[in-house]
Amino acid sequence: MITKKEFLKLSNVHDATCISIYIPTHRAGEPTLQGQDALSLKNQLKEITRKLKDKGLGDREIDTLIKPAEALIEDGEFWRHQSDGLAIFITSDVFKKFTVPIKFQAGTYLSDNFYLLPLIPLFNDDGLFYLLTLKPDGVKFYEGTRYSITDIDVTDIVPSAVENIAGYDFEPESVKFRVQQGHKGAGVHHGYDKASDDAENSLLRFFREVDSGLMTILHDNQKPPLVLVCLDSHFSVYRNVNSYRTLFPKNISGNPDAFDVFSLHGQAWDVLQSHFREKRKDKISLFLQEQDSKTVSSQIEDIVPAAFDGRIDTLFIQTNTDIYGKYNKESRKVKLLEQNEASSDNSLLNLIAVHIIDQGGSVYFVEKEDMPDKTSKLNALLRY
């Protein structure tokens with residue numbers, strides 16, 4: 001996974017040779033076993049090698065740049081732990097790779113900064129969520145979208161069980177379950193007798209350590225909701241120690257062991273889809289209400305300067321599109337480029353989207369038929 005802090009750090013990298021590589025990947029199954037993802041990376045490395053040669057780099061310099069990425073091709077263990085997409089960023093001083101739950105179109109980009117536009121959906125309240133299964137003898141953490149869920153290894157940052165915090169003094173006096181068939185056939189917990197005070201204090205300390213560990217990767221203004229899967233009594237305890245600002249107010253109730261990961265994903269999306277739908281719907285409604293005012297714009301000439309000024313609240317971008325040009329900060333003028341001049345090093349959308357995310361705004365990729373103003377590839381709600 002990639003945090004907003006890491007994203008913004010990448011956005012500040014400027015180098016004569018910034019390489020960005022995106023490929024779709026598979027979480028498991030035949031494509032993984034047959035090496036399709038590794039082959040996809042190999043093909044993209046051939047493409048970036050061609051671009052580097054066209055730029056005038058020699059073979060030795062190219063080999064040095066792409067060697068860390070080439071090493072991944074034969075790393076079978078690496079490919080067994082993928083999500084929906086892989087993003088790789090390379091300069092002479094930087095090599096970063098991120099496994100993320102976004103199905104990318106395969107592509108390579110060469111510029112003096114990184115091409116980060118495909119990662120933008122990760123930093124909106126727009127379908128990305130976190131899932132935490134919580135019980136005294138273990139926790140699991142997942143990153144999910146509408147279509148996928150990926151296990152995130154947190155063994156190095158959270159305790160594995162309450163005994164590791166409490167010195168093996170967690171001994172509930174009475175824990176009783178009564179289970180009936182619930183949503184999607186999963187067991188639903190309906191009864192719990194409160195444990196002893198000592199056990200409750202141990203549980204509190206355990207959950208506090210879990211929260212503390214998770215905040216080492218979720219601390220930097222992350223927006224995606226965090227859904228807990230746990231007993232109702234455990235949820236009430238965890239809320240008291242939680243530090244993550246978008247903890248979802250309703251847990252998936254029950255013993256996490258009663259659900260498989262696919263059932264968890266389905267139930268999480270059931271409770272979250274209205275949350276995601278409403279926020280975007282509200283922003284679109286606001287745009288339509290304000291369409292004749294100065295608080296909205298569909299003109300690239302207005303939107304780019306506003307993004308640099310931090311005045312974009314929400315930007316809607318037509319899916320699978322880009323706009324190429326150059327922006328002069330001094331004159332505040334936008335010059336659009338013809339298609340034959342276009343390349344990733346002059347993507348205006350890449351330029352402004354990063355600024356909007358940095359300033360706390362939202363960027364949504366929207367199908368053409370769902371754009372508030374269908375006559376433009378860009379619609380913006382402005383701050384005044």
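These legends walk you through several close-up views of one predicted model.

Residues are numbered from 1 along each chain as its sequence is written. Because the model is predicted, local features need pLDDT of at least 70 and side-chain atom pairs count only at pLDDT 80 or more, while totals for chains, interfaces and linings use all residues; side-chain values use heavy atoms, with hydrogens and water left out.

**View 1. Ile90 in strand E2.**
Start with Ile90, which lies in strand E2; strands (E, at least two residues) and helices (H or I, at least four) are DSSP runs, numbered from the N terminus. Ile90 counts as buried because its relative accessibility is 1%, where buried means under 20% relative accessible area, exposed over 50% and partly exposed in between (1.4 Å probe, protein chains only). Leaving aside residues up to four places away in sequence, Ile90 touches Thr17, Cys18, Ile19, Ile21, Leu65, Ala69, Phe95 and Phe114; contact means heavy atoms within 4.5 Å. Ile21 is 69 residues from Ile90 along the chain, yet their C-alpha atoms are separated by 8.6 Å.

**View 2**
Strand E2 (residues 85–90) runs antiparallel to E3, and six bridges join them; two strands pair if DSSP finds at least two bridges between them.

**View 3. Two nonpolar cores.**
A nonpolar core is a set of buried Ala, Val, Leu, Ile, Met, Phe, Trp, Tyr and Cys residues joined through side-chain atoms within 4.5 Å. The largest one has 71 residues, of which Phe7, Leu119, Leu132, Phe141 and Leu315 touch the most other members. Helix H7 (residues 197–218) gives the most to this core, with eight residues. A second, separate core of 21 residues includes Leu65, Phe78, Ile90 and Leu110.

**View 4. The second largest pocket.**
This pocket holds about 930 Å³ of space. Its lining has 36 residues, and the closest to its centre are His81, Thr150, Asp151, Ile152 and Asp153. On a 1 Å grid over the protein atoms alone, a pocket is an open set of points where a 1.4 Å probe fits, with protein on both sides within 12 Å along at least five of seven lines; lining residues have an atom within 4 Å of a point. Grid points are joined across faces, edges and corners, and the volume is the space filled by probe spheres set on the points. Strand E6 gives the largest share of the lining, six residues.

**View 5. Strands E14 and E15.**
E14 pairs with strand E15 (residues 333–336) in the antiparallel sense over four bridges, and Tyr327 stands opposite Val334. Between the strands of this hairpin are four residues, and Arg332 takes a positive phi near 60°.

**View 6. Helix H11.**
Helix H11 (residues 348–358) is mostly covered, with eight of its eleven residues buried. Among them are Leu348, Asn350 and Ile357. Just after H11, look for Gly360, which takes a positive phi of about 85°.
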